[in-house]
Each structure stands twice: as structure tokens, then as C-alpha cells.
Amino acid sequence: MTFPDFTLIAPQLIVLAAALLVPGLYFLTKNDKLAGMVSLAAVVASGLYLGWMMLEGVEGSFLGVYAVDDFSLLLTGLFLIVALLVLLASLKSVERDRHHGEYYALLLAATAGMMFVACAEDLIGIFVGVELTSISSYALVAFRKNDPRAAEAAVKYLVIGGLSTALTLYGFSLLYGVTQTTSLAGIALAIGSAPSAALYISMAMLIAGLGFKITTVPFHMWAPDVYEGATAPVATFLAVGSKKMGFVALFKVFLIGFVAAQATVVSDMQYLFAVLAAITMTVGNIVALSQTNMKRLLAYSSIAQAGYLMMVLAIATEYAVIGGLFHMITHVFMKGGAFIIVAALCYISMGEKLSDYKGLAKRAPILAFSMLIFLFALAGVPPLAGFVSKFVLFSSAVGSPGAEFGGQWIWLVFVAVINSAISLYYYARVVKYMYVDEAETEERIKVPMSFMAAIVLCLVAVIAIGLYPEPVIKLCEAAAAALLA
Amino acid sequence: MTDYLLSLVLFTPLVGAVIALFMAGDKLKYARWVALVFSAIPLAISLLLVATFDKGAPFTHSIGWIETSVLKIQYLLYIDGLSLVMVLLTTLLVFLVVLFSWEEKERPNFFFSLILGMQTGLLGVFMAADYFLFFIFWEVALVPMYFLINIWGGPRRHYAAIKFFIYTHVSSLVMLIGIFALAFQAASIEGWTQLSFAFADISGVAFAQGFQVLVFGLLFFGFAVKMPVVPFHTWLPDAHVEAPTAGSVLLAGVMLKMGSYGIIRICLDVLPEGAVAWQIPMIIIALVAIVYGALACIAQRDLKKMVAFSSISHMGMVLLGLATLSDIGIAAGAFQMFAHGLITAVLFMVCGIVGHNVGTRQIPLLGGLAEKMPKYAAFVMFGFMASLGLPGLVGFVAEFNILVAFYDWGLAEGIVWVIIIALASLLLTAGYYLWAMQRSIFGPLTDKVDVSKVHDVSVYEGVSLAVLCGLIVLFGIWPAFAWDFIFPVASDLAAVLGVI
Amino acid sequence: MIPLEMFLGLSAILFAIGAYGVLTKKNGIVVLMCIELMLNAANINFIAFAAFFNDVAGQVFVIMAIAVAAAEVAVGVAILLNLYKTSGTTDLEEINVLRW
Amino acid sequence: MNFVDIAWIIPLVPLAAFLLIGFFGHRTPEGGGYIAVGAAAIAFILSALVGYEVLSGTHGDFYETSVAWLTISEGVVLNFGLYLDNLAVLMMMFASFISMLIFIYSIGYMHDQGDRKRRYYTKVSLFLTAMLGLVMASNYLQMFIFWEIVGLCSYLLIGFWGFRHPKGDQASAAAASAAKKAFLVTRMGDVALLAGLFVLLNAFGSLDYSHMFSAAAIAQVDTSTLALGSLLIFGGVIGKSAQFPLHDWLPDAMEGPTTVSALIHAATMVKAGVYLTARSFPIFVQSTDVMLFIAIVGGVTAFYAATMALNNMNIKRVLAYSTLSQLGFMILALGAGGYLVAQGIADGTAVTGSKAFGYTAGVFHMMNHAFFKALLFLGAGSVIHAVGTEDMRKMGGLRKRMSITSITMLIGTLSIAGIPVFAGFWSKDFVLESVMVVAEGSGTAAAIFLLLYILALATAFMTAFYMFRLWYMTFGGEEGEASKHCHGESEKVMTYPLIVLSVFAALSGFLILFGFNQALTFNWAGPGSEFVVGGGGYEMLDVLDKIFTSPFAYLAIVVALAGFYAAYRMYNVRDVDPGRFNKDGESTLYQLLQRRYYFPQFYDAIALKLTYPIALGVEEVDRKAVDGTVDGIANSLTGGAQMLRRIQTGFVQTYAAFVVGGLLVLFAIIYLIGYIGGL
């Protein structure tokens, strides 16, 4: 047998290595700064290597389990960015806690899991990656040991997560039973032949199981509680990281598996996803209207965003996938930025109620402005990143270039549009708190550098992508092509 | 060279907005100077453009922007006669508004920066020649207004602001769907692998009649809310009543025009068959809006709310002109947009002054103000007279031509009597304005509010009002100056619409 | 030779029992066990299929799954322990601070 | 060079005065009064020069010059220019002349109005500008523009005392209301006129007089359209010249300063309607029905208005009603004359010279009326100025205290009453004559005209009666309470204009004897034959012969004298008590007249009982229904949010239940799909 080419999964390996290294380092040095810095270095190094791979246009398959192509490269990179943001946000957040080594180790392990999912081309790869992330993040949620809220959140996350894992696994097993293979390509071939009841059941279970990760209604209910209970950086990670991973897994299973195979199954599933998407975005947005806690608000908003992204699975054209990937990328920066601001304000114990944000514009102009940008971007106000990605994503429901206007999904775009109008309402409410209302105190707020770094990173990304989206869209096109190849 | 002038005119205000924003702390007092300078530059440039405009060759400025395998979005600016007039109106009004708000005390840096930012959005809408760009500016113009109302507004400002924001946002999104439809259909008909959003590309496509009717509906809704026409108007009175004067002036003076501009620029141009199919509904809506708005005005007690409803009535006039689909009608509609922009600015300024100086705008509480505030009374009377279409002032030319076009249409359709409805509205208009004047500035001096120490129009207010009044007279006695810019555009459209 | 349906039936029953337990049992530990039950149901499927297909992938999957399950239990128990430390209970019906 | 070439300057002179006074008036003596007078004088001199040139026929029928103002579509050009014919220059001359006199008079009358003076002179200068522009305009649109500006000036001047009224709040409220009423009521007519413009523009493709009055152009348009356009345009006349039923604003207009009443609501502006009728003759005469309608409106107004003057106690109101009535005369004459022409066109027979000079009569009466009505109002003004009241019951016996005023007013009274040799006699006789000429014909139309003649005769009687009543109540008899503290005759600046005007009021009628009728002819080359109405060049002797041989002339004189005699007995000798006829003011007729036939209530009802409730209804609908829907949607969403969030109980097993439940639902759906898919 030939020796597998480990360079293909070097980025993941770097991160994993760091994950194993950091606790040891910390145990030896007891230097929390060092732990953070090493993890940061690892992520950056991995990122650099990834960048090199992108430039080189490396492609290949690792034991037929992990494939390296434009899609996996893009997503791996995205997850690394998430890790970077979360790490930056964490550096200060955790300084008052103990066990930094474990914290960073878990974070890195979770990241590695996501990265593996990004390039998995086999059910086993997907499963392992997803679980690696899940289990690490259970622990991350529970990290603040003495906080009962954190404990409660962790338990909820654990129970629902475990249940979903079971569903997923069972779904996989049936899928395996139907198609006699665990490789996605093989599945694609096999499904083409004959749809069976077992196949449908397995798909339902996969939707339920992975729907938990991407917070599809009705599998979303853990999310607000967990986001609220967990520390803000962890919430960030869950919202922009593991959720995206769920989408990647779904894309792989359903798009590779099914779109490739033009079976009747496909259109059936598409209807299912369309309905779920509509319900998800509507519920998410409407409930968000009534939220008073910033984290919960963002949680519901990202449930709604999940709804938008699920349109991709319903429409399932290459153009839609482009839009979906693009929106995933922009969403990382918008939602990530917003969450990190929340984290920063929690860190300086400003509280996370909406009312705590009164007069923020006077007390912390830059923070307020960034929040404004992120929220409006989420609402899809031009010329910000969120607008452009929504523009592509929503328009995919109307058709794809060259295709006839309209089609069966035209109604989805109306639902989506109405929803994003509703969403503007609660985003604008936050903005009003920050810019219109007066604060009790006028005294200025000072936020640590690491937070500012993360926030500014997101801010720049959101504005830059909004003004010049061309390169990102091109990346997405390549990725989509690779995914549906 | 001139093509870069377009971008200059477009983005100078934005630069000014950023600079003004940083005029915080002890530099607060310089904010207004920044605003003045950065609103004067666009005004100067647009005047230059007017001077150098050649009706045969519109100004254009195009740069490739987003070019991927699925999308083709360009940075296209385009100024023909119609756009030019609207651009001039915008730059002028913003400049005057800055002057008018010279004494603004609360967070002036933010205030002026918002106004300048909005100017970029407004100008962009009138200059964009790419749907993507068009929509961006369309939305950008929205945001500053939300803040203007929400921060500097009246007691119910939060409600009004969010209502304005959401309502108009919904409409723009529906419009966006229409734009999607256009782009995709064009791509499929022409067999493009890219979605192109350039006006030029799309207006060349021959869409199927049914499709045109459908999409015209989507786009028309988007624009109708903005204009606004009954029954999609209710955001307007609230927004106006609560908005600060500067906001109201720009809202009514320019922002409403975005809607009618869109109808001319997009609906009529790209979807001629749809326009023909929608003609009767549009005319009905327009007539309803005209009369409905006028009647609502009569019932108002708040001077500013009355003016707001009068805007609805007058924008109905615009729609009436456009709906005739004749060259005179379209040109007159566009001219009415310009005229209403100037006039309504005066009206909202005087409303703002009375609210600010006397402390109330409730007509029943006012009375005999001409005694205490003669200059103010003169401006009020001038504005009202201009708005009720007094010949010799700009409003008359517009209404006269709109009604001429409408009469011709009615005659051709054999239902000439409908013009009676429009004419009746002229009476109603005169009615509510005169009645309001009788109760607010004439008659015995009010004793319901303390007017012992009210002061008359201040210098800055006076100057900006005087300039506007001068222009209203100028364009009233020399309408050809604006008309000849607009008419070629209108006649080109009518030529296409005529053959259907 | 036992037909495939038997295995599938068994796994389905196990799975149902597990799900039922998750929904009804008050004690967190028991709920965790029920989840394990469900996972194992899936494993039975894999093994059965693998055996019938003479394909190794299924068995590999099972090994992975068992490892995962172990890890999950480890973390889970720790979390429940922590819950017990902080709020003095492992009863899932007594924790609803985070809601609405 | 010809004077007409600089005619365009004429309206600009008072315009300059308007701006000058408007901005610097308060720095000049008399608040810019002298500037106004100077401007008016210059305007008059230029008008006279131009007038001489045009009347002497240097430029043929008319002189026209115009520039393109607005090209509203290919081939449809709206022009801006001058159209000077006999009618125009006549109007120009007496408008500027009378304005000049009244401005002079104002310097005295408004002297103690302080800072109000500037506003006053600003507005009257603007008015003169607009009036001149109106008559000099070369097309209907331009005419309409100035027509409306004239209306604006009228609004401003009626409302002159709309605030800070010397007589207190009540009066200022009344003035403000009167101004609004004047503008609105006339605007009704103006809207009709506007519609007329649309009709004509659509029919002719142009609004230039020179184009529209050419027989060729008229031939292109079908008569029904012409009739419609004519009637709509005449609607404007009804509004502006205060004809029935849009007459009611004029009496209220007396809230303005007396000089304004003299200038606008007697001498000039209200003549604009008559002018427009005469101006539009070529179009109007294309249909007999239109002309009949016009004549009826005129006749009715003349009679109807005169009745209200009979028992009114307010000196200015009486004059106002008499103005209405006299305007009715003019319209009646024009209608009668036009009717014959129309008939002629209808059956292609020529209508020449002496037969139908209704046109001449109307225009001639318009001119004379301008003089004596201005005189009467200024006289009244001088009296009011002196005694400080408008109630004639408080006056009386002023003959001795105010000799000049009383004499000049007497002349005016004689003139309007139509006592021979005074100006009013001639023109009024012509009016009656022109109506009689038609009545002599046959058919229902003739019958109607006979009726109109009788009405006119009755009006003549009433005119004489109420005018002498006015004079006697004011100057005759013993002194009233107000007369007591009358500080003698007004100063010269006020009396001189009176004297000048009285000369004209007395003598302007004789102009007709010296071929002036040439100036008052209506020349129009019709399709069938050549019409020269009214003119035809008969000389002094013809006229005298015509008048003093016709029995109707004597009838008119007798009637006038009868009216005088009645007034003499009741209000001078006072041996006949008016109370006998009206149950001392209790009779329903008396009340009816006092209440102006309930027209004011009628208007108020339209405004307050009809329009306003509808408006309130609309407002209600707007708030409750239209806006309610919008808010309703928003509230239902937020309400739904409050409900939905409650599902989030916080119990993890609820969540788990939702997961499993969701899964089962998916199963169900998939089962259905499979079922449908036939699995």
C-alpha cells in the first residue's frame, strides 16, 4: 500500500497538534497568555499553509475519506477564520477563569472537527468530524464550571445534541443499508437506481439530526438557551462555527448525494427543505421580535439566517449553492462581529440586555458603529456584505442565469423578503437603543485590544465584501463547482 | 473628464459626511461649515453640468465592478435631461436645508453628516444606470432618514421612524424581486450565462406581455409606496409630522420623487406593454390619491400634517401625468416632480418655523400671526399660493400641462368627463390652503398660545426661503428652462409607448 | 440464518425505547443512558448490514461510533456532575432558568 | 419707430414699482405712494400713446408680437406676447388712467394707515401690472395667468384688513373670511375657464388669439366643441364679473379699503370678465345658444342684483350691488349683440352697422361705468373717511359740510341713473336698444329677449331709485348722528380726482357722437360674409337721430325719472314712508333681500355641511381603516412573537419532544410523499 499524503490534511493536523500541545504547555508553564498565543499561532500557521495550498491549487483525496478541492479549501479557511475570531475574543474573556489549557484545547479540537467535515467525502469522515466538534463544544459550553446557567445550558446542549447524534447515526446506518456504501460518491450512484422507504426514513432522520446543528425549526429550541448560558465567545463559536459545519455536512450529504443523482427523491426532499426553510426563517424572525436579551436576539436571528441558507437545499442549483456559500461567509463576519461586541461588553460587565445598550453611541462610538454595521448587514441593508450575499441567495430562488424566470421556488423569495423586512425591525430596535436613547452615564467605555482586533477585522470584511464582492463570489463559484462536480 | 464629475458630484457629500461626523467635541461648531462646503461643491458641479449639458449626448460614467461567471454588475452613472433636473433639485435642496438648519444645536455633527450621507443616496438613485447600483442608493437614502426622524423628531418619533423604515423597506424589497425577475428573464431570453443588471442591457430586451404586466405590478408597488399613492401612503403623514424640518424637506422634496422617477426610468422604459396594461389602474389610483389627499387636508388640524397630505395629492398629480403615457403627460409629471420639490420645501420650512417659533402647529391654536410675523406670513402665503397652482408660479405650469395631457387622453378614450375629478381637486386644494391661511395667519391674533415674544423668520431661514421663492417664480415665468431638459426623455418614452 | 429484518426490527425497537426514555425519564443520567441505547441501535444496524454486505465499512463505522459514544458519555457525565455541583440536582425537570 | 414696439414696457413699469415699493417702500414718503402714482402715470401716458396709434388704425385690425414661451409638444407652442386691438388699448387706457387717479386719491385716503401703506401700494401696483398684462396678452393662457394674478391681488386687498383691523377682531375676521370667499368663488369660475382652455387648446392646437380668431381656424373645429369651450370660458366670466350665481363674493369684497373697492371691484378687475367676453366674441358668436345663455345670465344678474340694492343701508354695499347690476347690463348687451351675429352666421346673412351694436353698447357701457362707478366709490370713500361709518342711516345732511363730494357724487348718480346727456345715459340706452333690436325678431328667442328687455327696464328704474336714495340719505335731509362730527371736506388730494372723474362721468358719453364708436366696433371676417357690427360708420347725426327717434329711448328716460322721483319722495321730501312697502322691514321680501336671497348660507352649507364632513370622513377612514391595517399587521406580528416565545419553556425534554415530534412529522410528510409517489 502507498503511504497516504498527509500534507493534504496538514491544516487540520496542525490545529490538532496544537490542541494536544496546549494543555501540556499550560500544565508546565501555568502561563495563560502563552496558551492563547500558541493556539493563535497554530491557527495562523494552519491558515498560512491553507493559503499556500489555495495558491498552489492543491487537489487530491486522503484515503478516500478526506478530499481537498476548492470547496473544502474555502470552507476550511472559513472555519479557521472563525477559530481566529473566537480565539481573539477568548483571550480576555477567559482570563478570569481557570483551566485555560483545556479551554483552548477544546476550541482547537472543535475547529479541527469542523475542518475535517469541510473536506470529508465519506459518511464516516462527516460523522467523526461532527462529533469531534459537538463533544468539544458541550464541554466548552460547560466551561464556566461555577455558573449554574452554564451548567444548565451544557446539559440541554448535551441532551439534545446526543439525541441528534443518535438520529444522525441511525440515519447514516439506514443510508448505508440502502446504498451499501459510506462514500458520498458511491451513495450518489446508488441512489440513482431506486428510492426506497428506508431511504426516505434515513433522510428524515438526517434532516432531524443535522437540523439540530443548523437550528432548523423545530430542532432549534436548544439554541437560544445554550447561547445565553454559554460565554459569549463560545456562543460566537456555536453560532458562526458549528452551525456552518452542520450546513457543510448537509450540503455534502444531500447535494452531492442527491443532486448528482437525478432521482424523484430529489424533488421530494427539495419541497421538504423549502417548507422547513420558510418555517425556520419565519419563526426565527418573529420570535426575535420579542427578545430583550442580546444573545437570545442574535440566537433567533441566526435561526432565521439558517432558514435563508436552507433555501439552498430546496433550490439546489449551482447558483443557489454559490449564494449559500457566499452568505455563509458574510454571515461569519456579520454575526461573528455582533457576538464579539456582545462578548466585549460582557467582559467589561455592561450586561447583555438590550436596555444595557442605551446610549452606546456616546459611550463607545466605534463599538456602536460596528454594531450598527453588523446589524444592518444582517438585515441586508446595502452596500454591506449581507446585502450582496442575500442578493445572490434570494435571487437564486427566482432562477439561475439563463434559466426561465419564476419556477417552483418563486414563492420562497417572497417569504424570504418579507422575513428580512421583519428582521429589520428588531435590528433597528437595537440601533435605536444605541443611537437614539440616552444612557444613565456618559462615561466612555474602553475595550481591550484583542476584542477590537476581532471587531475591526469583521468590520473591514463586512464593508469590503459589500463594496467589492467579486473575489469572494469567484471563490464561491469555484467551490460550488467543486461540490457539485 | 465630465464623466468623473459625475462621480465627484455623487461622492463629495459622502466625504463631507465622514468629515462632519468627526467634528465632535470642541470642533462641534465647524460641522455646519463642513456641511455647507460639501453641499456647495455638488451644487456648483451640478450647475456646471447643467451649463455644459448637450441634449443629444447624456453624461455617462462607467467602470466595471463585479464581473464573475454568473454576475455582471457595473458601476454605471448616467445623466440625461430628466436625471439632470432631479440632480439639480437634490443638490439645491440639500444646500438650502443645510443653510436652513444652521442653528441646529443637538448633535450637529451627526445631523449634518446624516444629511450629506442622504444626499449621496438620493443623487445615486437619480444617476445610477445599473439596477444593482440603483437599489443600493435607493436603500442608502433610507437609513439617514431613519435616524433624522428618530433622533431629532417629535414626540412620536420612534413610532414614525420605524414605520417609515419598515414600510419603505418592504416596498423596496418587493421592487427588488421585480428587478430579479427582469434580470433573469432578460438573461434567459438573450441566452446570457451572466446576470447583467445594466439599464441599457435590460431595456433592450423584448419581454413577453404577460411577464411585463406581472413585473410592472411588482416594480410599481415598490415605487408607489415611495411616492406615495393611496392606499400605501400612511407612513408619510406620520413621518412628516414627526420629522425635523430638514428631514421633511428632503423627504417630500426629493425622496418622494425617487418613486415617480423610478416609474419613469424603469416601469415605462423597460415594460411598455405592462405600462399600457396598467394605464387605467394607474389613472384611477392617481385620481383617488389626488382627491383623497385633498379631502384629508381639509380635515387636518396640524399644519404640517396638512402639508404632508397635500404632498400625497400632488404626487397623485404626478402619477396622473405619467399614466397618460403621452409625451406631454410624462414631461409634465416630471416637471411637477421638480415643481413640487421646490414648493413643498417652502411649505415644510414654514411649518418648521411656526412649530419652532410659536411652539405649536395646531391650526386652531394659531391666528393673526401676520401681525407678529409679517415675513413669515408672506412666505406662508407665497408657498400656499404656489402649491395651489397659482399661475405665474412653477406649480401652475406643471398642473396645466398634466391636465392638458389628461384631457387629451380622456378625449381619446371618450371619457373626457373624468377631468372634472381632477379639476374639482383644484378647488379643494385652494379651499384647504385658504382656510388654513385664514385661520393661522389672518384674523384676530391668537390668545390660545403665548405669542408675546415670538420672533420672525431668522436670517438663515429667510435666505433659504427667499432663494426657493425666487426659483419658484423664475421657473414659473420661464418653465422652458427645465421643460426642455425633460421633454426629450419624455417624448422618447412616449414614442415607444405610442406604438403599443 | 436470521434474516436482516430481525436485526432491523430489534434496532428499531431499541431505538424507540431509547427515544421514549429520553423524553420521559427525569434523571439526567438515565436520559444519557437512553441516548446510548439509541446509538447502539444504530450500531446494530451497521453491524447487520455489514455482515450481510460482507463490507468492512459498516464495522469501521461502528467502531468509530462506539468511540464517539464513549467520549460523549464521558463528557456528559462530567457535565451532569457539574450540574449537580452547581444546582444540586440532576433532575431535568428542575432546570429551566434559561427560557423564553 | 412705433409706440407699439415699446408697448411691452407698459406692464413692466408698475411691476418695477411693485418691487421697488415692496423692498424699499417703508423708506419712502407715504410708503411708496408716490412711486405707485408715478408708475401708473407713466403707464397711462404710454398706454395713451399706444392707444392713439392703434385706434387710428396704423396697424390694421390688431398689432401682435409674441415669443415662444413653452413648447409642450411637437407643434404645440405656448406663446407669450402682445395683442393690441381697439378693445385692448381701450382697457389699457382707462385701467391705467383710473388707477392713477385712485392712487392719487389713496395718498390722502390711506395717509394715516402707518406701516400698512407699503403693503397697500405694493399690492395695488402688482394689481395694475396684472390688469395691464391681462388686457395686453396675446393668447388665452397668458391672459389666464394674469387673470389669476388679478384674482390674487383682489384676495390680498380684500384681506388687507384681515388682521389688526382698526375696528377690532370682529372686523378682521370678517375681512379674512371675505377674502377667502372671493378667491374661492371666483376660482370656481376660473376652473371652468381652465377647462375651456383645455378644450380649445385641444381643438385649435394653439391658444393664440390671432390663430383662433381666424375664420379658417374656426372652420376646422366642429361647432359643438366650440360651444363647449365658449360656455366653459364664460364660466370664468361668471366668476370674475360676479354674474349670477357666482356673484356673492362681490358684496363681501367691500370689506377691503374703499379705494380698493373703487379700483378693483368697480372700475377695472370685474371688467375683466366683460373684456374676456368681448375678446372671445369670434368664438362665442359661432353658436346662438351660447349667446342666448350669456344674455340671460346678464339680464338676470342685472335685475337680481338691483333688487338687493333697494333696501341696503350700507353705502358701499349699495354701490357693490349696483356694480353687479351694471355688469349684468354689459353682459346682456354683449349677449344680445352676439346673438344677432350668431344668427347671421347661422343663416349666412350679413349683419351690418346700425342693426346690432350690442357689442358696442357693452364695451361702451363698460368704459362709462368705469368712470362713474370709480367716482361714486371714491365719493363714498371720502364720506366714510369723513364720518367714519358706512351706515347711511347715520349720515345725511352732508351736502353743506362736503360740497365737492356731494356735487361730484350727484354727477355720478345722474350718470349711472341714465339721466340724459350724462355718460351713463348714452351707453345704457344703447344696451336697452341692442336688446330691443333682438326682441323685435320672431321666435322663442325673441320672446326671451323681450322678457330680458323688460327686466332691463325694471333694472333701470331700480337703479335710478336706489342711487338717488343713496344720495339723499347721505347728503340730503337733516344731519345723522355720524354727520355731526364730520370734519368738513376731504383734502384736495382726494377731491381733485373726484372732480376729474366727474368730468368724465358727465361727458364721456359724448365720445360716441364723434365717431368713437369706430373704436368700439367688432370686426371679424366670417366665412359667409363680412360682418362689421356696431360700427358701419354712422356719424353724430345718425346716432342722435337713432336715439331720439326711437320710442324706447324715451321710455328709458321716463323710467329713470320715475325712479328718481320715487327716491325723491321717500328720502328727500319724506312724505312717503318706505315702511309702507316693507312692513317696516318685516316683510318676507325685505328680509329676503337683506339676506341676499340666502346665497351666503347656501355657500356656507356647501363648505361646512357638505365638504367638511366628507373630509372628516376621509380622515377617519384614513386613520381607522388604511393606517389601522398597517398597524394591525405590525401588532399581530409582535403579538405572535409574544405567544411563540412561550413555547420555549426551558425544559430540555420539551425540546427533545419537539425534536422527536418534528421527526415524526417528517415521517408523516415523507409517508404522504411516498404514498403519492406510489411506494
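# Helices, strands and chain contacts in a predicted model

Mentor: Among the elements that cover the buried residues of α11(D) are α3 (86-109), α4 (116-136), α5, α10 (249-252), α15 (315-346) and α16 (358-387) of chain D. The model is predicted, and local features need pLDDT of at least 70, side-chain atom pairs count only at pLDDT 80 or more, while totals for chains, interfaces and linings use all residues. Residues are numbered from 1 along each chain as its sequence is written, and chains are lettered from A and ligands numbered from 1 in the order in which they are written.

Trainee: How many residues of helix α11 of chain D are buried?

Mentor: Helices (H or I, at least four residues) and strands (E, at least two) are DSSP runs, numbered from the N terminus. A residue is buried if 20 or more other C-beta atoms lie within 10 Å of its own, exposed if 12 or fewer, and partly exposed in between, with C-beta atoms placed from the backbone. The buried residues of α11(D) include D:Thr258, D:Val260, D:Leu263 and D:His265. Helix α11 (residues 258-267) of chain D is largely enclosed by the rest of the structure, because the buried count is 10 of the 10 residues.

Trainee: How are α18(D) and α22(D) oriented to each other, roughly parallel or roughly antiparallel?

Mentor: Axes are lines fitted to C-alpha atoms, for helices over the stretch in contact, and angles run from 0 to 180 degrees between N-to-C directions. The axes of α18 (residues 403-417) and α22 (residues 492-507), both of chain D, cross at roughly 25° and come within 9 Å. Angles under 35 degrees count as roughly parallel, over 145 as roughly antiparallel, 65 to 115 as roughly perpendicular and the rest as oblique. Therefore α18(D) and α22(D) are roughly parallel.

Trainee: By class, which residues does the contact of α18(D) with α22(D) have?

Mentor: Two residues are in contact if their C-beta atoms, placed from the backbone, lie within 7 Å. The contact includes D:Ile404 and D:Ile411 of α18(D), and D:Leu498 and D:Ser502 of α22(D). Ala, Val, Leu, Ile, Met, Phe, Trp, Tyr, Cys and Pro count as nonpolar, Asp, Glu, Lys and Arg as charged, and the others, Gly among them, as polar. The classes in this contact are 6 nonpolar, 6 polar and no charged residues.

Trainee: In which crossing does α6(B) pass α11(B), left-handed or right-handed?

Mentor: Helix α6 (residues 142-152) and helix α11 (residues 245-270) of chain B pack at about 145°, with axes 9 Å apart. B:Met145, B:Leu148 and B:Ile149 of α6(B) meet B:Ala246, B:Gly247, B:Leu251 and B:Met255 of α11(B). A crossing is left-handed if the near helix is turned anticlockwise from the far one by less than a right angle, and right-handed if clockwise. The crossing of α6(B) past α11(B) is left-handed.

Trainee: What are the edge strands of the open sheet in chain B?

Mentor: Two strands pair if DSSP finds at least two bridges between them. The order is β1-β2-β3 with mixed pairing: 8 bridges join β1(B) to β2(B), which run antiparallel, and 2 bridges join β2 (residues 71-79) to β3(B), which run parallel. An edge strand here pairs on one side only, and the edge strands of chain B are β1 (59-67) and β3 (195-196).

Trainee: Which element gives the most to the side of chain D that touches chain B?

Mentor: In this contact, 40 residues of chain D meet 38 residues of chain B. β1 (62-73), α5 (140-158), α6 (169-204) and α27 (599-647) of chain D each supply at least two residues of that side. By class, the side of chain D has 25 nonpolar, 7 polar and 8 charged residues. With 16 residues, the element that gives the most is α6(D).

Trainee: What does D:Leu644 count as?

Mentor: D:Leu644 lies in helix α27 of chain D. Leaving aside neighbours within four places in sequence, D:Leu644 is in contact with A:Val283, A:Ile286 and A:Val287. Because D:Leu644 has 17 C-beta neighbours inside 10 Å, it counts as partly exposed.

Trainee: What does A:Ala304 count as?

Mentor: A:Ala304 is in helix α12 (residues 294-315) of chain A. Not counting residues up to four places away in sequence, A:Ala304 touches residues including A:Met281, A:Asn285 and A:Ser423. With 27 C-beta neighbours inside 10 Å, A:Ala304 counts as buried.
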